[in-house]
Amino acid sequence: MQYLIHMSRKLLWLGALMLLLFAFTAPQLMAQSVRPPGNAVNLDDGTEPGPSNALGDVSDTEIWDQFRGGDPANLLGPALDGQAMTTTGQQWRMVRENLIRKYLGWLPLIVIGLLAVFYLIRGPMRISAGRSGKTIPRFSHNARLAHWFMAAVFIILGLTGLIILLGRPVIAPYLGLQANSILTSAAMQGHNLFGPLFIVALVWLFIKFVRGNFFQLVDLKWIFKLGGFFGSHVSSRQFNFGEKSWFWMVILGGIVISATGILLLFPWLVDDIRWLQLSTIFHALAAVVLIAVAFGHVYVGTIGMEGSIDSMLKGEVDENWAKEHHDLWYEEVTGKSAKEETS
Amino acid sequence: MSFLEFVEGPLFAVAAGIFLFGAFWRIVGIIRIGRKKDIAPPKASAAAGFVKGNLRHFLPRGIFAKRTAVHIIAGYGFHLGLFVLVFFGAFHVEFLNERILGFAWPTLPRWGFILASEIAFAGLIVLWVRRISDPVMRLISTPDDHIGSWLTFIMMLSGCFALQESHEMLRAMHMLIVDIWLIYFPFSRLMHAFTFVLSRGNSGATYGRKGMNL
């Protein structure tokens, strides 16, 4: 008997609790319903104007699916007949947000980290025979102007481009949305104005440096010896494989950046928005890769290799530097043997 | 008073005053130095030499034309570009009209302003890059040269950043740098914008008086 009374009390408590829960949740559940009451839509009684069964019998999801059509996985797929909406905008946004913005920004930082580790382990590459005090001309003044002009424009475009690309996820959380808005507006104007100068710089750089930058058989040795970065000497002409690769990366990457940049600056040149969506992706991809590799270029040209910076600042390099890093070029321009001189 | 109102109002008035008075003071000072009296009888007109000296320097000497082509093009690009965008940019003409002069003149369309800016930027970058990459130029350059170049570059860049007219802060930053540039101008080599006439004229008059073919 006592057991029954005990159970009855428990059931009463449980019932009261259920009632209480329902009282609190019912209004929210009602409010969240997308289905209006039946009499609100099916007004075929002649009392109010308007079509009957206005919302139909299909769900919102089905309606939007019919609007979209097409294959959402196919970014470049042609629009289907009768398709009212494309999904490419959403696809583009997902790629930009989830791949480009999320991961690409790390690439320059990874390169900087690797260079720092390499510098700590290997240290700067000294001229093993020391400076001779005698120099030989390496780059003309016009070639240096072309290089530094490109460097200046590249730095401005790189900084402004990174602010445009990564401002929202990187700057806004720390400095606030207003500061990010100001910086992005400024960066966008700067980027658009300096963009055309990049094309000028690219053409100038190509004209001044293409000679000597074609790949040759001797470059294979450079590859097999890992560029001499880990000890062994490696022969090369005026430009080694690394320099040649960097040159062609800049030229080809620069062409991609320039072409996509032109489309983004003058969007009316194309009538399909997918070209613009692809342009933003390839523009960012090529630019961030070039920025990342540029850190390596700057490293080797400054603290990574003794005597390198002289070639671009003074136009001349120490003879021992030339013998060590560009022995075949040294022999070509001086007519002397690099081996005999250094030994 | 907002920051923008301050940099466009009282600070700009002070900066413009220092610019005008300082530049005038220096030019008068240079003229007052005078020239050493030449007791030799003149073979030709010194005044004609002054004018000819000024005009002749606008063109490169034949034997140097090829070697100096890049920085001459850059020099013209920068100076003409800057002149055009300062005096024919719609924002600048509007500012001068409303704040100082009370009258306006035809302005460049936006694309023309952008083009002039790009030419000016390209020229200034090449000129500064030449300063650091040419051993002789590097040797004769003083901190004043670099500060003048950089201040001008930052002034132009801040103006470019404010082009969208979306934030008052960007316009205020541009005006602040303009004010600093105006104050720095009379005390620096930026004065060459005015003194080049006297410098070229002095050489031209000296050689002209001696009857030399400039």
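## Close-ups of a predicted two-chain model

**View 1. Where chain A meets chain B.** In this predicted model, 19 residues of chain A touch 22 residues of chain B; two residues count as in contact if their C-beta atoms, placed from the backbone, lie within 7 Å. On chain A's side, the elements giving two or more residues are helix H6 (141–175) and helix H7 (177–209). H7(A) hands over the largest share, 10 residues. Sort chain A's side by class and you get 12 nonpolar, 5 polar and 2 charged residues. Here Ala, Val, Leu, Ile, Met, Phe, Trp, Tyr, Cys and Pro are nonpolar, Asp, Glu, Lys and Arg are charged, and the others, Gly among them, are polar. Residues are numbered from 1 along each chain as its sequence is written, while chains are lettered from A and ligands numbered from 1 in the order in which they are written. Because the model is predicted, local features need pLDDT of at least 70 and side-chain atom pairs count only at pLDDT 80 or more, though totals for chains, interfaces and linings use all residues.

**View 2. H6(A) crossing H6(B).** The axes of H6(A) and H6(B), residues 110–133 of chain B, come within 9 Å and cross at roughly 125 degrees. Axes are lines fitted to C-alpha atoms, for helices over the stretch in contact, with angles from 0 to 180 degrees between N-to-C directions. The two helices are therefore oblique to each other: under 35 degrees is roughly parallel, over 145 roughly antiparallel, 65 to 115 roughly perpendicular, and the rest oblique. Look for A:Trp148 and A:Phe149 among the H6(A) residues here, and B:Ile125 and B:Val129 among those from H6(B). This contact has 7 nonpolar, 2 polar and 2 charged residues.

**View 3. Two helices inside chain A.** H4(A), residues 88–104, and H10(A), residues 273–301, have axes that come within 10 Å and cross at roughly 10 degrees. That makes H4(A) roughly parallel to H10(A). Residues in this contact include A:Trp92 and A:Ile100 of H4(A), plus A:Ile281 and A:Leu285 of H10(A). By class, the contact has 8 nonpolar, 3 polar and 2 charged residues.

**View 4. Chain B and the predictor's confidence.** Chain B averages a pLDDT of 93, and 100% of its residues score at least 70; pLDDT is the predictor's confidence in each residue, from 0 to 100. For the complex, the predictor gives an ipTM of 0.90 and a pTM of 0.82.

Technical notes
Helices (H or I, at least four residues) and strands (E, at least two) are DSSP runs, numbered from the N terminus.
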